[in-house]
Protein chains: 2
Amino acid sequence: MKKRTYNCGLDAAVDVVGGKWKALILWALHREPLRFGELRRSISGISEKMLIQQLREMEVYGLVHREVHRQVPPKVEYSLTEFGRSLNEALIPLGDWGHRHMATIEAIPRD
Amino acid sequence: MKKRTYNCGLDAAVDVVGGKWKALILWALHREPLRFGELRRSISGISEKMLIQQLREMEVYGLVHREVHRQVPPKVEYSLTEFGRSLNEALIPLGDWGHRHMATIEAIPRD
DNA sequence: CGGTATCCATCATGATACTG
DNA sequence: CAGTATCATGATGGATACCG
């Protein structure tokens, strides 16, 4: 989240959901609330640092809700807010597109 | 474009359209082909360096077509391929979402 | 007009180790 | 279990100057 004004909606949306991980976190949480560890295991390749960093930002944005259950061992559950849910729905066509063209995308030369 | 395999379509799509500029470039080109200078003026805040860099990547991805008209002064037109057009359509709901929630997004505290 | 080439600052991401 | 701290690296972006 760098800017304060936007020229178009896409500009604003990219600013919110931008980066490698936020869209994937939204998707991982769209079915049910998950604990930190479950979330980490369900998003392959993410480090604990990036996961917590992105989750904190998404909490500030109002996309994600963080609920602490005071018990031993500690249990913290993350879930989507209505706002997060609405963003996730807006991402579905993009996910479908990626799924349809995955073979093409993987064939793109790197570097 | 960093990875070679993807867990889900959204993962792949984010890899293709990720970064601050590519979605905006797609949008700028969706109505009609534009010259380099027109493109630069229509995307506020982008530097020449980033514009040319992103365009080159999008050419490699097969999203954008670059057509050189040999004349004086030089004229180079950029347009969307069918692939680029399909990606742009998949981004429309996200753009709508951003447009609907722009006030909320601008009100999010920074840092 | 439509780029290219450098240099440089800053930011995003990653690896590893450690803690309540 | 759910994080934090620290350091390293690479990507991103801005400024400036130059070229066919």
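This report looks at how the protein meets DNA strand D and at the strands of chain A.

## About the model

This is a predicted model, in which local features need pLDDT of at least 70, side-chain atom pairs count only at pLDDT 80 or more, and totals for chains, interfaces and linings use all residues. Residues are numbered from 1 along each chain as its sequence is written, chains are lettered from A and ligands numbered from 1 in the order in which they are written, and side-chain values use heavy atoms, with hydrogens and water left out.

## Around DNA strand D

Let's start with the surroundings: 19 residues are near DNA strand D (near: a heavy atom within 4 Å). The closest are A:Arg35, A:Glu48, A:Arg66, A:Tyr78 and B:Lys49. Of the DNA atoms within 4 Å of the protein, 56% belong to sugar and phosphate.

By class, this surface holds nine nonpolar, one polar and nine charged residues (nonpolar: Ala, Val, Leu, Ile, Met, Phe, Trp, Tyr, Cys and Pro; charged: Asp, Glu, Lys and Arg; polar: the others, Gly among them). Helix α4(A) gives the largest share, four residues (helices are DSSP runs of H or I, at least four residues; strands are E runs of at least two; both are numbered from the N terminus).

## Atom pairs to look at

Two side chains are worth a look here: A:Tyr78 places a polar atom 2.7 Å from a phosphate oxygen of DNA strand D, and an N or O atom of A:Arg56 is 2.9 Å from a phosphate oxygen.

## Strands of chain A

Strand β3(A) pairs antiparallel with β2 (residues 64-69) over six bridges (pairing needs at least two DSSP bridges). A hairpin of five residues joins β2(A) to β3(A). Strand β1 (residues 34-35) also pairs antiparallel with β3(A), over two bridges, and A:Leu34 has A:Tyr78 as its bridge partner.

Methods:
Polar contact = N/O pair within 3.5 Å; in protein donor to acceptor, adjacent residues only side chain to side chain.
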